[in-house]
Amino acid sequence: MQNLVKNERLQMIVIAIATATGAQFKINPFSNDYFRIGLGVSIFLFFLLLMPHLPYVKTGILTGIVSMIVQSGDWITHVHSYTILESLQNNVAAGCYYVVFAFGMSKLRKRLNELHPLVLGGYIALIDFVSNETELLLRGVFLGTNTFYFKEWLLIMVIAVVRSYFAIGLYNSIAISQMRLLHAEQEKRMEQMLNINSGLYGEAFYLKKAMDTIEGITADSYDLYRKLNEDNLKGYSQRTLGIAQQIHEVKKDSQRILAGLLKLFDSEVVVHMSLSEIMHFVEKGNQEYSEMLKKKVIIEKELAFNLNTTHYVPLLTIINNLVANAVEAIEKNGTIHIRVFEKEEDVYFIVIDSGKGIPDHKKELIFEPGYTTKYNEEGIAATGIGLSHVRDIVHSFGGSIAVASSEKANGTQFVVRLPLTSLIKEGRVDGTFNYDR
C-alpha cells in the first residue's frame with residue numbers, strides 16, 4: 001500500500017482524474033462560448049504545490065488528455081452529438097491549457113520554497129493568465145471564436161489572481177499546520193534531551209565532587225602509610241598502601257566514567273539558550289510532573305530579565321530541582337511562583353511555593369550532603385542530586401543560595417544569586433565543575 005502511495009505514475013493519474021472531475025464545477029464567463037472556468041485549475045495547482053517532486057510537464061500532458069476526454073464526453077452528452085472529431089475540436093484547447101500551465105510551473109518548481117507567497121502568487125497568476133489566453137487563441141483557431149477584448153482580458157486576469165492566491169493560501173495553511181506539528185515534536189524531543197542532560201549534569205557534578213573526595217582520601221592514605229613506615233609498623237603500612245592503591249584505581253575508573261559523561265554534552269558545540277526558554281521548559285516539565293503526582297499545581301513565572309547563555313544545562317539543573325522540590329512539598333493543591341530579575345550585576349532566581357514549609361531548625365541542615373525528607377513506601381531515601389549538590393553548582397558560578405520562609409502564611413522561598421558575568425561568559429559544560437571557585 002505504501003509503495004502505491006509513493007508511485008509517481010499513480011500520483012499523476014490521481015491528479016489528472018481529480019482535476020478533470022473538479023473542472024465539471026464551472027462557470028462560463030462569455031456568453032455563447034465554450035470557454036469555461038472551473039475548479040479543476042485550483043485542484044491542479046494545489047497538487048503541483050503539494051507534490052513538487054513530480055515531473056510537471058508530464059503531469060500537465062496527462063491531465064490535459066484526461067480533461068479533454070472527460071469534457072468531450074460532457075460535450076457529447078449536452079449537444080447530443082456523437083461526432084468524436086467535433087467533440088475533440090471543441091475541447092482540445094482546454095487540454096492544452098494544463099500543458100502550458102504545467103510548463104510555466106516547471107520553471108518555478110526550484111524556487112517554490114524561496115519565493116514569498118505574495119510574489120509566488122503573482123507569478124502563478126501570470127502563468128494562469130497566459131495559459132487561459134493560449135486556450136482562447138486555440139479556440140479561435142479551431143472554432144473561430146474571438147474574445148480578445150480588454151474587458152475579457154481583465155476578467156481573466158482577476159480570476160487568475162483570485163484562483164492563484166486561493167490555492168496558495170490553502171497550501172500554506174496545510175504547510176503551517178505541518179510546521180506546527182513538527183515544531184511540537186521537536187520541542188518535545190528537546191525537552192526530553194534537556195531533561196536527560198540536566199540529570200546527567202547533576203550526576204556528573206556529583207561524580208566530580210566524589211572524585212575530589214577520593215583524591216583527598218588517597219593522599220591521606222599515602223601520608224598514613226609513610227608515618228606507619230617510619231614507626232616500623234610494616235604490616236600496617238603495607239595494608240594501608242594496598243588500600244591507597246585500591247582507592248586510586250577507583251578514582252581512575254571514576255575519571256573514565258566522567259569523561260564519557262562529558263562527551264554526551266557535545267561540549268565542542270557552543271549553543272545558546274535564553275532564560276525565557278529555560279523557564280518555559282522548567283514550567284512545562286514540572287507541570288507534567290505535578291500531574292503525574294496527581295496534584296493541581298499552578299506554576300507562575302515573572303521574568304523581569306532575559307539573556308542568552310551557554311550555561312543552560314546547569315541553570316536548568318538548578319531551577320528544575322528547586323521547582324521539583326516545590327511540587328513535592330505541595331500536598332494536593334498549591335502554587336509555585338518563579339521570579340527572575342537583575343540587581344547590581346547579579347541575576348536572581350527566586351522559587352516560592354505554597355507547600356508545608358521547612359521548620360527553622362532544619363533550614364541549615366537541608367544543604368548538608370545526604371540530608372533528605374523524601375522517602376518512598378519502603379522507607380528508602382530519595383536518590384536525587386539533593387540540595388547540597390544544587391548549592392555546589394551554584395557555588396561553581398560564584399553565586400549563593402539561601403532558603404527562607406515564604407512571605408505568605410505557609411511555604412518556602414529559595415533565593416539563588418548568580419553573577420551576571422558568569423552567565424554571559426562563553427564556556428564548556430565541564431568548565432562549571434570547579435565548584436570551589
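## Two loops with a positive phi

Glu-344 lies in the loop between strand E6 (333-343) and strand E7 (346-353). The model is predicted. In it, the phi of Glu-344 is near 55°, a positive value in a residue other than glycine. Most residues other than glycine have a negative phi. Glu-344 is exposed, with a relative accessible area of 70%.

Lys-294 also has a positive phi, about 60°, and is not a glycine. Its loop runs between helix H9 (275-292) and strand E4 (296-303). Is Lys-294 buried or exposed? Lys-294 is exposed, because its relative accessible area is 78% and the cut-off for exposed is over 50%.

## Salt bridges

Side chains of opposite charge can pair when their charged atoms come close. The structure holds five salt bridges. One of them joins Lys-301 and Glu-283, at 3.0 Å from N to O. Lys-301 lies in strand E4 and Glu-283 in helix H9, so this pair ties together parts 18 residues apart in sequence. Lys-301 is partly exposed at 39% relative accessibility. Glu-283 is partly exposed too, at 22%.

Strand E4 also holds Glu-302, while Arg-339 is in strand E6. The side chains of Glu-302 and Arg-339 meet in a salt bridge of 3.8 Å, N to O. Because of their places in the chain, the pair ties together parts that are 37 residues apart in sequence. Glu-302 is partly exposed at 36% relative accessibility, and Arg-339 is partly exposed at 29%.

Asp-346 forms a salt bridge with Arg-417, with the closest N and O atoms 3.5 Å apart. This pair links distant parts of the chain: Asp-346 is in strand E7, Arg-417 is in strand E9 (residues 412-419), and 71 residues separate them. Asp-346 counts as buried, at 15% relative accessibility. Arg-417 is partly exposed, at 22%.

## Nonpolar cores

Which residues touch the most other members of the largest nonpolar core? They are Leu-275, Ile-278, Leu-322, Ile-336 and Phe-349, in a core of 41 residues. Helix H10 (residues 312-329) gives the most to this core, with ten residues. Apart from it lies another core of 25 residues, among them Ala-23, Val-41, Phe-101 and Met-105.

## A nonpolar patch on the surface

Helix H4 (residues 56-79) gives the most to the patch, with four residues. Ile-69 is in helix H4. Ile-69 counts as exposed, at 55% relative accessibility.

## Helix H7 and the UniProt record

UniProt, in an unreviewed entry, places the feature "transmembrane region" at residues 34-51 and 152-171. Over residues 152-171 the chain is 100% helix and 0% strand. The end C-alpha atoms of that stretch are 28 Å apart.

Helix H7 covers residues 150-230 and contains Lys-227. Lys-227 is partly exposed, at 46% relative accessibility. Ser-237 comes ten residues away along the chain, and the C-alpha atoms of Lys-227 and Ser-237 are separated by 8.0 Å.

## The whole chain

The chain has twelve helices and nine strands. Of its 437 residues, 41% count as buried. It exposes about 24500 Å², and carbon and sulfur atoms supply 59% of that area. Among contacts with a separation of 6 or more, 72% come from residues 24 or more positions apart.

Note on methods
Residues numbered from 1 in each chain as written. Predicted model: local features only at pLDDT ≥ 70, side-chain atom pairs only at ≥ 80, totals over all residues. Heavy atoms only, no water. UniProt positions renumbered as here; feature names shortened; annotations may be inferred. Buried < 20%, exposed > 50% of the residue type's maximum accessible area, 1.4 Å probe, protein only. Contact = heavy atoms within 4.5 Å. Areas by Shrake-Rupley, 256 points an atom, 1.4 Å probe, with all protein chains shown as cover. Core = buried A, V, L, I, M, F, W, Y, C linked by side-chain atoms within 4.5 Å. Salt bridge = Lys/Arg side-chain N within 4 Å of Asp/Glu carboxyl O.
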